[in-house]
Amino acid sequence: MAPLPGAELVQRPLQLYRYLLRCCRQLPTKGIQEHYKHAVRQSFQVHSDEDNPERIQQIIKRAIEDADWIMSKYKKQN
């Protein structure tokens, strides 16, 4: 289960970046949203030089799974 519709369409890093920022907008408070936006930006910068297509797909898959976990965590709290 994906945190937002369209996760299955994410194939490229820029699509992932936009998708994760949209996920951040769904979080409950501005502070939490800013925290995760910062984390997304940092992670994107850290992996910006990755050129192995298999590794990129692994990163995308893991990022979507992590976003799902975070979204579930905050939905349970509310």
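Leu9 lies in the segment before H1, where helices (H or I, at least four residues) are DSSP runs numbered from the N terminus. From Leu9 to Ile59 there are 50 residues in sequence and 15 Å in space, C-alpha to C-alpha. The model is predicted, so that local features need pLDDT of at least 70 and side-chain atom pairs count only at pLDDT 80 or more, whereas totals for chains, interfaces and linings use all residues. Residues are numbered from 1 along each chain as its sequence is written, and side-chain values use heavy atoms, with hydrogens and water left out.

- The 13 residues of H1 should span 18 Å at 1.5 Å a residue, and the end C-alpha atoms are 19 Å apart, which agrees; the expected span of a helix is 1.5 Å times one less than its number of residues.
- Leu16, Tyr19, Leu20, Leu21, Cys23 and Cys24 are the buried residues of H1, and what covers them includes H2 and H3.
- Pro28, in the loop between H1 and H2, is partly exposed, with a relative accessible area of 41%.
- Pro28 and Gln42 are 14 residues apart along the chain, and their C-alpha atoms are separated by 21 Å.

**Lys37 in helix H2**

- Lys37 lies in helix H2 and, although it is a charged residue by class, it counts as buried at 16% relative accessibility.
- Leu21 and Cys24 are touched by Lys37, not counting residues up to four places away in sequence, where contact means heavy atoms within 4.5 Å.

**Helix H3**

- H3 has 25 residues and reaches 37 Å from its first C-alpha to its last, which is close to the 36 Å expected at 1.5 Å a residue.
- At the start of H3, a side-chain oxygen of Asn52 comes to within 2.9 Å of the backbone nitrogen of Glu54.
- The buried residues of H3, among them Ile56, Ile59, Ala63, Asp68 and Tyr74, pack against H1 and H2.
- Ile60, also found in helix H3, is buried, with a relative accessible area of 4%.
- Not counting residues up to four places away in sequence, Ile60 touches Val10, Gln11, Arg12, Pro13 and Leu16.
- Ile60 and Ala7 are 53 residues apart in sequence, with 9.6 Å in space from C-alpha to C-alpha.

**The largest pocket**

- About 520 Å³ of space lies in the largest pocket, the volume being the space filled by probe spheres set on grid points that are joined across faces, edges and corners.
- Of the 24 residues that line this pocket, Leu16, Leu20, Val40, Ser43 and Ala63 are the closest to its centre; on a 1 Å grid over the protein atoms alone, a pocket is an open set of points where a 1.4 Å probe fits, with protein on both sides within 12 Å along at least five of seven lines, and lining residues have an atom within 4 Å of a point.
- Helix H1 (13–25), helix H2 (30–46) and helix H3 (53–77) each supply at least two residues of the lining, and the largest share, nine residues, comes from H3.
- By class, the lining has 18 nonpolar, three polar and three charged residues, with Ala, Val, Leu, Ile, Met, Phe, Trp, Tyr, Cys and Pro counted as nonpolar, Asp, Glu, Lys and Arg as charged, and the others, Gly among them, as polar.

Note on methods:
Buried means under 20% relative accessible area, exposed over 50%, partly exposed in between (1.4 Å probe, protein chains only). A polar contact is a pair of N or O atoms within 3.5 Å; within protein, one must be able to donate a hydrogen and the other to accept it, and residues adjacent in sequence count only if both atoms are side-chain atoms.
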